[in-house]
Amino acid sequence: MATPAPVAALNLSARFPGSVTADARPGYSGWIVEKGKLLEVTQALRDEFGCDYLSSVTGVDYLPEGKMEVVYQVYKTTGGPGLLVKVQVPRADPVEVPSVVSIYPGAELQEREIWDLFGIQFSGHPDLRRILMWEGFAGHPMRKDWKEAYYEEDGKPFKTRWPEGKHALAESKNPFGDNISYPAGFDPEKWIPEDAEKALYGALARYEVRDEAGLGTDHVIVNMGPQHPSTHGVFRIAVMLDGETVVSLKPVMGYLHRNHEKIGERNTFLMNMPYTDRLDYLSSMSNNFGYALAVEKLMNVRPPERAEYLRVMMAEMTRISNHLMAIGALTNDLGAYFTPMLYALEERELILDIFEAVSGARMMCNYFRFGGVARDLPEGTLQKIKDLFFERLPRRIDEIDRFLTENEIIRARGIGQGVLTAEDAIKYSAAGPLLRASGIPYDVRRAEPYSIYDRFDFEVCVRQNGDIYDRLMIRFDEIRQSLRIIQQAVKQLPEGPVAAVKPAYQVRVPAGEAYGRVEGPKGELGFYVISNGKPSPWRYHVRAPSFINLTAFGPMCTGQKIADVVAVLGSIDIVLGEVDR
Amino acid sequence: MTAEQILFLLTGALILGSALMVVATRKLLHAALWLVAALFGVAILYAILQASFLAVVQVVVYIGAIAILFIFAVMLTRREMRDQGQQTRTNWWIAALLGLLILAGLVFLILAVPGADRLPAALPEGLDTVRALGNALVSPEAYVLPFEVASVLLLAALVGAVYIASVGKKD
Amino acid sequence: MTFASILEWLIKGFVWVMILLGGFAYLTYYERRALARIQVRIGPNRAGPLGLLQPIADAIKLIFKEELMPARADKLLFFLAPIITLTPALVITAVVPFGPEGLNFPLFGRVITWQIADINVGILYIMSIASIAVYGIVLAGWSSNNKYAMLGGLRSTAQMISYELALGLSFVSVIVLADSTRMIDIVEAQKSMWFMVLQPVGMVIFLIATLAEVNRSPFDMPEAEQELAAGYHSEYGGMKFALLFMAEYDKMIAICIIAATIFFGGYREFWFLQNTWFSVDQTPILGPVYVFIKVFILLFGMIWVRATLPRIRYDRLMAFGWKILLPLSLALVFLTATGILLAQEVNPLFMWGIPVVSLAAGFIAILGMYQTLRRKEHARA
């Protein structure tokens, strides 16, 4: 299976002769757009071709060719394969590309990320600041010529990868503490990045809506986090308040940033698999799935039947466990003192038991391999799965549902609060339950079936109002659908091998690009992988649903009370491991 | 001097001292707290007079509601008001003069009341002061008219407040 | 006022404060165990048998914790705030009688009552102490120089003032029913019938309003963990925090004692034990035991609510207090007074009209609330 063929009907070069050409590099697909025509082309894409959903934006640094590329993945919310649009610019500072935020507002955070990591400036972006690195950071770390201060090597200096005697650890060359030099008169202990705060608060004030009636009142800026119990990790929300009402809001992230993508480009392909576990650490199986799909597209292998079924089962179990956690955490954010959380966790533990049985780990499963899965089900596990997913869980989900959804306080706090309309949901590239709760029946499992999802009978859950309550309820719906899929998969599970290729430490991946996307529990999880035939990927990009869903966070909270900010965040369901990567 | 007189003098000193601090302290919130102390002193005075109901009501209404609203308002204002600025205006002496005049008037008034220089007689054993007060407030022979007039006044104020608040919201 | 009476107050007060402090320690244990049971956990079970030494371990830990003072805090108020918070919680129960007159005993020529102070405006005393309890929280929030703490302080002020009105009015119903403001009279008036039966809606309002007064879930706005980190005590640590915590739990105990006294018959026996050996008239020593049992049950109710209900949003909380509880409790005062007047003037059977009509009023209020919620729901579709 090669890369997804570009939609034949969407012939961009015929519509824009001269300025759009098909990407003819071997293993590549999509369209290369002239920089000056980008806005025109994207406008046409959205309005004429119906590709209203900008799934992902990312940069690629082609250092040898002296080029930089920005890659846009656009899809139709009605389903079907999407379009790859690329802009190539010479690699000379400043690298500049027009911003598409005016056409696809969902690009806002992603363009900021590209600016931060690649140093590609987006002209016309409303708030182009660094996002993952701190203000004042020198350089753009995802550029290929940027060397990490600590491991100043192209690849990891492992003995196995260097001839005997040549291998030297960067640590031994640069002992920790000596490998950093500061400008004269600079004391890192005392340095406070004032400009960063100013830029942030300035950005807040820009969205200010002033109510001129009555007395003039001051607006208060409250920073929630990075140390705050309900930001689900080290996440900061800068809120401008008028009394208790939110005037504007900016998410501030990057506290957990470890440059996952840079690490991924230094690792070999297979070494990345356990790293994907750490993205959304609540749903590692699903992360494995997306990455395996992308690399399998490049390698052109298909896993055997049994492995496909196991993959689907594990991915759906992940969805259930993640949604249980999301429900628990959301009710906790609404102030229910841990009770629903603990009831949900009790069920989640049982699912984790199954993960432990098949992969040996409860959370960091590292279960998938290119062309299969790591191991078959151990003896007795199938019975356990049957007991859990046919008998226990359906009843327990109904019970939790009954207790929570008729609760007057949850209804009062959820219904009509934090509304994300369908148009906005598409506009801000929201994905997963967030998108479907707003009334868009878009599910990658249906829109562009991967693996064997076309064989199962399930419904794409959808709710119409897009408020907190619907986002809570849709998770119950999705758990029920996942149960259905698992029940079908268990019944159909064939015998046979679980891996198409022999287990090996190293895989050979032909040059080319591939975008593998799965419907993760939090939304569309995509892996954009470019191989140049070497052992490590040239580019490894994660389309992180938690991160992109946060684009809609500010607009959803404006006009709400401060207490709702917490509930809205809980209803988006983010994991900081994935947001910050 | 009896124990009661000592208590009275101490309370008086507390009230006057904290009233002075209300105008003398630089921090707005501290001023509000000194006001609370002064109001509490008044409650003690009522208690010394065995007017237990009034003492309790003094605490509930003045300390528990009015002073706390002051503090509420102070907390909602900007903090810059705290420690700066001149504390007196140029014509402070007019205010001082007026204050003295009012004090003189009050002293004169109190001295005119018969028996102002004597200790209060002890209340008769078993007198239910609460009941007596209640009866006095609603019996036609006593204070029912002022009581009702005050109620109407408060109601009017309440309606006015609601009106102002709702008008502000609509615009 | 003699030396002996002052000495008596001191001793009784000391003993009672000791009981309250011990009660605080074991209330935390009780709460943690009960919460754990509800949440399919076990709860503290390591320190001592059944974890019974856990509160002591907690206390030792808190004592040795570092005391922090925020740099730009108002030092004096920051120090005073925990004390100001704790004091009302300790003194508020001074007027509550814990045993019947039959239990009083002579000692050194004085009759020792089971009550620290028998004042004729007992219930109003409770009201007044409850109204100054907010100061500590406000000052703690303000003096910390922290936005979360200040928001917590502001919220608690607004919340407590609002719910005090409903609380005060439910006191008025009780005063009218008992025809007295003395606590011991109120208890004795419930000899044949608890006020819980005569004024059930008043009792519910009282319990709801007290939940708001002591900042318990679902009204724990001032310290809403998910929104304000820890609210007014964000900046407190060590023993200062322990004092704030202690105040909160002692307030819970106090409020349950008061509820038991004014609605659940105080030290009087349970209704089905009337005229048996278990009646306090025959066995006065059972009085304090009954108070304890009732408080224990009411405390469980509070813990139960915390374990099961999410938090109401702040503006809804205020709306509920002002638009539902206040008019309803006003109506109840009127209904109660009318009922008593009719019972006195026309027929004693009108006494039974009070609970019936009150329940109807309460039902109408709930219906109104439900309607507004439903309307919102229709509006969204």
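Trainee: In which helix of chain C does C:Ile293 lie?

Mentor: This is a predicted model, so positions are to be read as the predictor placed them. Within chain C, the run of residues 286-308 takes in C:Ile293, and the element that holds C:Ile293 is helix 12 of chain C.

Trainee: Is C:Ile293 buried, partly exposed or exposed?

Mentor: Burial would need 20 or more other C-beta atoms within 10 Å, and exposure 12 or fewer. For C:Ile293 there are 14 other C-beta atoms within 10 Å. Because that count falls in between, C:Ile293 is partly exposed.

Trainee: How far apart in space are C:Ile293 and C:Tyr267?

Mentor: In sequence, 26 residues separate C:Ile293 from C:Tyr267. Taken C-alpha to C-alpha, their separation in space is 9.8 Å.

Trainee: How are helix 3 and helix 5 of chain C oriented to each other, roughly parallel or roughly antiparallel?

Mentor: The axes of helix 3 (residues 75-91) and helix 5 (residues 134-143) of chain C come within 8 Å and cross at roughly 160°. Angles over 145 degrees count as roughly antiparallel. Helix 3 of chain C is therefore, relative to helix 5 of chain C, roughly antiparallel.

Trainee: How many residues of the contact of helix 3 with helix 5 of chain C are nonpolar?

Mentor: Helix 3 of chain C contributes residues including C:Leu77, C:Phe78 and C:Ile84, while helix 5 of chain C contributes, among them, C:Tyr135, C:Ile137 and C:Leu139. The contact holds 3 polar residues and no charged ones, and the number of nonpolar residues is 10.

Trainee: Which helix of chain C gives the most to the side of chain C that touches chain A?

Mentor: The contact takes 27 residues from chain C and 34 residues from chain A. Helix 10, helix 12, helix 13 and helix 14 of chain C each supply at least two residues of the side that touches chain A. With 4 residues, the one that gives the most is helix 14 of chain C.

Trainee: How many residues of the side of chain C that touches chain A are charged?

Mentor: That side of chain C includes 11 nonpolar residues and 4 polar ones. The number of charged residues is 12.

Trainee: Where in chain A is confidence lowest, going by helices and strands?

Mentor: Chain A has a mean pLDDT of 82, and 89% of its residues reach 70 or more. Over residues 207-215 of chain A the pLDDT is below 50, and where pLDDT is low, the predicted coordinates should not be read in detail. Confidence is highest in strand 15 of chain A, at a mean of 90, whereas the element where confidence is lowest, at a mean of 62, is helix 4 (residues 170-173) of chain A.

Notes
Residues numbered from 1 in each chain as written. Chains lettered and ligands numbered in written order. Predicted model: local features only at pLDDT ≥ 70, side-chain atom pairs only at ≥ 80, totals over all residues. pLDDT = per-residue confidence, 0-100. Contact = placed C-beta atoms within 7 Å. Axes fitted to C-alpha atoms, helices over the stretch in contact; angles between N-to-C directions. Parallel < 35°, antiparallel > 145°, perpendicular 65-115°, else oblique. Nonpolar A, V, L, I, M, F, W, Y, C, P; charged D, E, K, R; others polar.
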